[in-house]
Amino acid sequence: MKKIICMFLSLLMVLSMATIPSFATDMTDTSTTIGYSADLVDKVDLTNVPDINDVTSFGALIEKKVKITDAAGLQLLAQKINDGGSDFFSTYIFYLANDICMTDVANWTPIGNNTGAASGNGNAPYFSGTFDGQGHAIKNLKVEVTDENGLVNVSLFGCIKGATIKNLVIDASCSFTYMGTNTGARTASLVAFGNTNNTYTAWNIINVRNDANVTATVGAVGGLMADSGAQNSDWFDGFINCTNNGNVTATGDVTHAGGMIGYVARSHATITACVNTGAVSATGYAGGIAAGITPNYYYKIYDCQNSGTVKALYAGGILGALEVSSTVIQRCTNTGSLITVNSENGMTRQIYGYATPQFVANNITDNVGSGTEDAIDVVRVLGYQKTLHTETGVDGKEYRSVRVVGGLPATEEELAQYEYVGLSITASYGDAETLVTKPIDSRSTVVYETLGAIDGASGLAKVDGWYYFAVVLKDIPAEIDTVELKLTPYSKLTASEKVTYGCSKSAAVTVREYTDIELNISDPTVVIQPGTYEEYGWGYYQFVKILPTVSGGQYIYWSMANDANTKEEEVTKEGAWEKVSDDGGTTWHPKTYTDIPISDVRLSDGSYLIGLGGGSTSEKDWMANYSETLIQHPDIDITNHHIYFADDIQDFDRSLKATSVDPKTGEMTTFDVTINWPHAPMAAFTVDGTTYVTDFGQAFGMGSPANLISKNGTLYLCIYSRGFDSSAASREDAVFKYSDCFSIYVFKSTDDARTWDYVSQVSVNDDVYARGMECEAANKGVFEGFNEPMMEVMPDGSVVMLMRSGSENQPSYIVRSTDGCKTWSDPVVFDSVGVKPQLLTLECGVTVASYGREGLYVRATTDASGLEWEDPIRIALTGETLSSELLADDKRISDYYTCLFALDSTTVLMLYTDFYYPDDGGEAKKTILARIITVQDAKE
């Protein structure tokens, strides 16, 4: 599968730090102590301070100081606060006189347990006073909450507002666990939520240590605080000298976990001189100090340390994820191991897991990271390998020299902060290890159209939006098939003139050159089998599309309309039109909250493009809106595009939209798409002085961006519509060319799919038209012209396009471009059939094609240009698995619209619909099927 992912560069500032520096001058505390310390406790004589259990009138207390000596006293404090004492006790100080054992407390209700809303808003209760532990510990407090408990706060304190909590230890004998499905749940040892009522009130956590484990299935999870929540217009001291030694585990959904704080929002707080040693893990993002900071809110993190293992999709030694530029991380240290739960899309960094380029450039200074990193997507082996030659050594054995290309997925803007960018590659095979010398050179300004063109290039070459390094690995024994590579990016900053190293990524690549291949195609497995064709006619359970998920699975969805072209509403029954596989298509399950579909097209803001096409207005509604000015053409009425007379086309409009998804949260964003082409979004043409209009937006809308590629940093999209003269300068001048034929139109976008400019047209020429008419006359389906295009970037960097030309038993065609889709070769027949052709180039260099009707076919090539192909393999003909008695003459043939997905460098998952696949009892059912296609060396 095309792997076009634009990820931010990693920058790790490797600086010496022999001593712990003093705090910044804008901070009130100038201590050099890092983490919790008993020496920081200011002991208070509690001899004359009343016990909370003995106070009969709190209002009569002059000094407003109370001590707590046992579990009953702590429960009484919770009761008083939760019964309406939130504001009353705001000026009180509560001291622990000794360690508190909570063994006999079966159902703990947090102090200030605001349950007004999952977000923490609503009225009291909240704790707003001062709680001074005097260095004592809370022991044997075990809080276990499920949905049945009706609680969202799992902690010692529920909500705090303007409170100070200090000098306290949460003992390792305690535990805090949430096992439920409420995504608003907050789980922590000390505080669940840092504020309430959205008021501008600061809070302070000073010199607190947690040794207890914190575990949750969903929501925000933190070692000391789950959700910071405080909103304050001025900076305030949030955490000072705190330590977390407990393990913080978030197991389900897209969860967030941090050693100090799980979820940071609406805050202007500082975290100073804090330490985490516990293991922190989540499915979303996690950090040794904080999980993540939401947009438009800020934190300052000074002089903090992490030595615990951090594991998440985005894992950082200090911070998991950050999307704003005003947060600061200074003088922090990470020595803990960092692990991503998804090596393909996840990120790990010594200081942060994910952050915007502006934040990286401006706000990370004087930090040290030396922890072990697992795998990140900062760099990537791009899968283009070429055997340069094979020769016989002095020992009589054959050896191979292989050219490997590695790359950095970066934009010009991201690289602008660096003077130099480089890549170190270590190759291991068998017992041998070769360190390839790191090239260091200024970034190349040359854009190469094919990978082959950079054979002799030095430094960086830019191709398809990646900066490539080509290196040659010599003297590899011929029997070696796979080489283990370790890639490490580095950069030289203009300002500091220091060479900085990013995180390494390991990958195994196939160095064998496939020249003679065969395809091993598995038997089909059933994805879903709803009923007979009569029960589910044309359109239902058809047109399967596939997308990867954040967790590395495969997400598929299909049509549930009576006919995909009628644009009727889809069935809304949950699970009726989508499924997910976590094992490469062997088994399938309903989509869950954590199954976030993404794509191969990553936009500059970190989101993935997952949808592109027409807006919400259906063709039926559009026709109704313009019924007075539209009269259908009497001679042209086609399924996909209806042609109408139009006296005034200036008022016609139809919105086009695109959809992206945030990989961290699954949140989808829809944005407007502009098509810079005279014929879009409503395609107009003129014949003999009469203007006509056709619904062009339908051709542009294709659901997932399947027929979209990236080349030279630009997105290219191919669509089909009725033919127009590409030289026409305006709608009025447009000439309707081959009115009964589709043509292919290619567009490009350089602004994350927001704007699309017309590039080129692939039209039906006279030879193709004549062949189509001959086929139609011979009753071999209807000739339609070029439609249902699919593009792919080939291993040599050129672009190949396959196209359908008609219904069943009509030829498919192939064209090729070597100049960025500006011009195309003359179309030649690819095969005698070819409905909805699909193309997929694997990392081993082999390209696979699939297409259908009548029958289902697979074809492959080892030719880097895509000009020469192996003979097609017929997988199935309509109903061939059933006896002829089961098939009526008037039944529609199976559509055999396929989709392809790369599982690894040599393996493809293919999905399609068969109308007449037998169930266990032999009855013909309409069935979505999956097959595995494996590329093998024919000599083996």
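## A buried serine

A polar contact is a pair of N or O atoms within 3.5 Å, where, within protein, one must be able to donate a hydrogen and the other to accept it, and where residues adjacent in sequence count only if both atoms are side-chain atoms. The side chain of Ser581 makes such a contact, reaching the backbone nitrogen of Gly585 at 2.8 Å. Ser581 is buried, with a relative accessible area of 0% (buried means under 20%, exposed over 50% and partly exposed in between, with a 1.4 Å probe and protein chains only).

Leaving aside residues up to four places away in sequence, Ser581 touches Gly553, Gln554, Thr586, Thr587 and Trp588, where contact means heavy atoms within 4.5 Å.

## How the model is read

This is a predicted model, in which local features need pLDDT of at least 70 and side-chain atom pairs count only at pLDDT 80 or more, while totals for chains, interfaces and linings use all residues. Residues are numbered from 1 along each chain as its sequence is written, and side-chain values use heavy atoms, with hydrogens and water left out.

## Cysteines without a bond

A search of the whole structure finds zero disulfides, a disulfide being a pair of cysteine sulfur atoms within 2.5 Å.
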